[in-house]
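These are my notebook entries on one protein chain. I set down what I looked up, and in what order.

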Amino acid sequence: MGVLSRVVLFPLAPVRGVVWVAERMRDMAEEELCHPSVLRARLAALNEALESGAIGPEEFDREEDRLLDLLERSDIRAGRPPGHPRSKDEEERQGEAS
């Protein structure tokens, strides 16, 4: 980036800063919502809702597929093959990191 473009784009610096902060906040929120322990808790609540009759089998299947897909993606981001079992230590370290 040359000096001239820096001078021309300088008035946009605050906007770029706000965009950067917003992107970091979005990333953190996604990470918290897609944390494996959160997803497992949501799957357990979904099973309870099905057993209690609060939701039907179609809705259960749709939501379960969505949650399992998110869980698989979180495994891939963590560098584990999908479906790889986590150790208890690994779960605790992930919980401390977030």
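**Entry 1: confidence.** I began with the confidence of the model, which is a predicted one. The protein chain averages a pLDDT of 79, and 74% of the residues score at least 70; pLDDT is the predictor's confidence in each residue, from 0 to 100. Helix 3 has the highest mean pLDDT among the elements of the chain, 91, whereas helix 5 (residues 88-97) has the lowest, 51.

Local features need pLDDT of at least 70 and side-chain atom pairs count only at pLDDT 80 or more, while totals for chains, interfaces and linings use all residues. Residues are numbered from 1 along each chain as its sequence is written, and side-chain values use heavy atoms, with hydrogens and water left out.

**Entry 2: overall make-up.** I found five helices and zero strands in the protein chain. Helices (H or I, at least four residues) and strands (E, at least two) are DSSP runs, numbered from the N terminus. Of the 98 residues, 17% count as buried. Buried means under 20% relative accessible area, exposed over 50%, and partly exposed in between (1.4 Å probe, protein chains only). I also looked up contacts, meaning heavy atoms within 4.5 Å. Among contacts between residues at least 6 apart in sequence, 41% join residues at least 24 apart.

**Entry 3: helix 3.** I turned next to helix 3, residues 36-52. Its 17 residues reach 24 Å from the first C-alpha to the last, close to the 24 Å expected at 1.5 Å a residue; the expected span is 1.5 Å times one less than the number of residues. Which residues of helix 3 are buried? I listed Pro36, Leu39, Leu43, Leu46 and Ala49. Seen down the axis of helix 3, these buried residues fall within an arc of 140°, so they line one face of the helix. The arc is that of the directions from the helix axis to the C-beta atoms. On the face turned away from the buried side of helix 3, I found the exposed residues Glu48, Glu51 and Ser52. Just after helix 3, Gly53 takes a positive phi of about 90°.

**Entry 4: the core.** I looked up the largest nonpolar core and found that it has 10 residues, including Cys34, Leu39, Ile55, Phe60 and Leu67. A nonpolar core is a set of buried Ala, Val, Leu, Ile, Met, Phe, Trp, Tyr and Cys residues joined through side-chain atoms within 4.5 Å. Helix 3 and helix 4 (57-77) are the elements that give two or more residues to this core. I then checked Ile55, which touches Leu46, Ala49, Leu50 and Phe60, not counting residues up to four places away in sequence.

**Entry 5: salt bridges.** How many salt bridges does a search of the whole structure find? The search finds four, each a side-chain nitrogen of Lys or Arg within 4 Å of a carboxyl oxygen of Asp or Glu. Arg24, Arg26 and Asp27 are linked in a network. For Asp27 and Arg24, the closest N and O atoms are 3.8 Å apart; for Arg26 and Asp27, they are 3.2 Å apart. Asp27 and Arg24 are separated by about one helical turn because they stand three residues apart in helix 2 (residues 13-33). Arg26 counts as partly exposed at 46% relative accessibility.

Arg66 is partly exposed at 37%, and Glu63 is partly exposed at 25%.
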